Amino acid sequence: MKHLLTVFFLLLACFGLSAQVSTNIQVTDLPSITINKDISLHIISPEPIRYVDISTHAIVGDLPVNNVLRLKVLPDSVNHWKDFMGNTSIVTIVGESFIAQYRLIYLPGATASSQVNILPEQTRPLDAGAISLTTPELKEHALSMLKNRASHRIRYTNDYGISATLNHVYTVGDQIFLDITYRNETNLAYDIDEMRFKIEDKKINKATNVQSIEIKPVWQLYTCGGFKKIFRNIYVLKKVTFPENKLLNIELTEKQISGRTITLKLKYGDILRADTF
């Protein structure tokens, strides 16, 4: 019996060692990308890039937009060129939910890559932690909300000829999607100064201090500086809880000195009754 237990634990240890080794990736197993000093290389990610590491000083990189990494070989350093030619150079790219690595192969001739897409089979998933949804997933859900016409107004307010309507509230994991439409019934265009989300008391007593907690949206579908007639947008907030004696006030203010301000007031029950995708 003791001998059988010993064999069992040895097999278990070997299995664990094999599993551990299989998770390692060798440099030679990485996909390769060709690059030279005459052509900038653009690596396109399916989601925003959060982190980049380049293992050689012979190459510089930047993010002209949040999902494109641009790489360029430095032609003015002999030492860098020697290092680049003699060693394997690796570029590591981390998105919201994946990590991808590539070998950079220098080709002095004209044959080199100018644009590369990060493919799913070239990535490894990450534990996103605080990130519940990636940007493409947020956009997909937001666009699906825009296709739905509200059967009734969840919340509505109107002032200065400007109306605000809460059309839908959806939740996914720990994120709240708010579908809001603004309408301008006047002939004066509305230039947006800022939009603020604040948890405040329902009733404000002049003798007491007003407690206000501001919440920043983690994402929104569109950015807009103003609108003439209608503006509809989707805003995403992290899960928030507040007591019944407070409201989530969504305040839109205009840029002008005598600017119009309109506040849409949400009750906590509006969030509790939210739909899910």
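Start with the hairpin that joins β6 to β7 through three residues; strands here are DSSP runs of E, at least two residues long, numbered from the N terminus. Before you click on, note that this is a predicted model, where local features need pLDDT of at least 70, side-chain atom pairs count only at pLDDT 80 or more, and totals for chains, interfaces and linings use all residues. Residues are numbered from 1 along each chain as its sequence is written, and side-chain values use heavy atoms, with hydrogens and water left out.

Select β6 (residues 89-94): six bridges join this strand to β7, and the two run antiparallel. Strands count as paired if DSSP finds at least two bridges between them. Thr92 stands opposite Gln101 in β7.

Next, jump to Phe227. Its ring and that of Tyr190 form a stacked pair, 5.4 Å centre to centre with 25° between the planes (centres within 6.5 Å make a pair; planes under 30 degrees apart are stacked, over 60 edge-to-face, the rest tilted). Tyr190 lies in β13 and Phe227 in β16, so this pair ties together parts 37 residues apart in sequence. Finally, select Tyr182, Tyr190, Phe227 and Phe231 together: ring pairs link them into a cluster.

Technical notes
Helices (H or I, at least four residues) and strands (E, at least two) are DSSP runs, numbered from the N terminus. Rings of Phe, Tyr and Trp (its six-membered ring) pair if their centres lie within 6.5 Å; planes under 30 degrees apart count as stacked, over 60 as edge-to-face and the rest as tilted.
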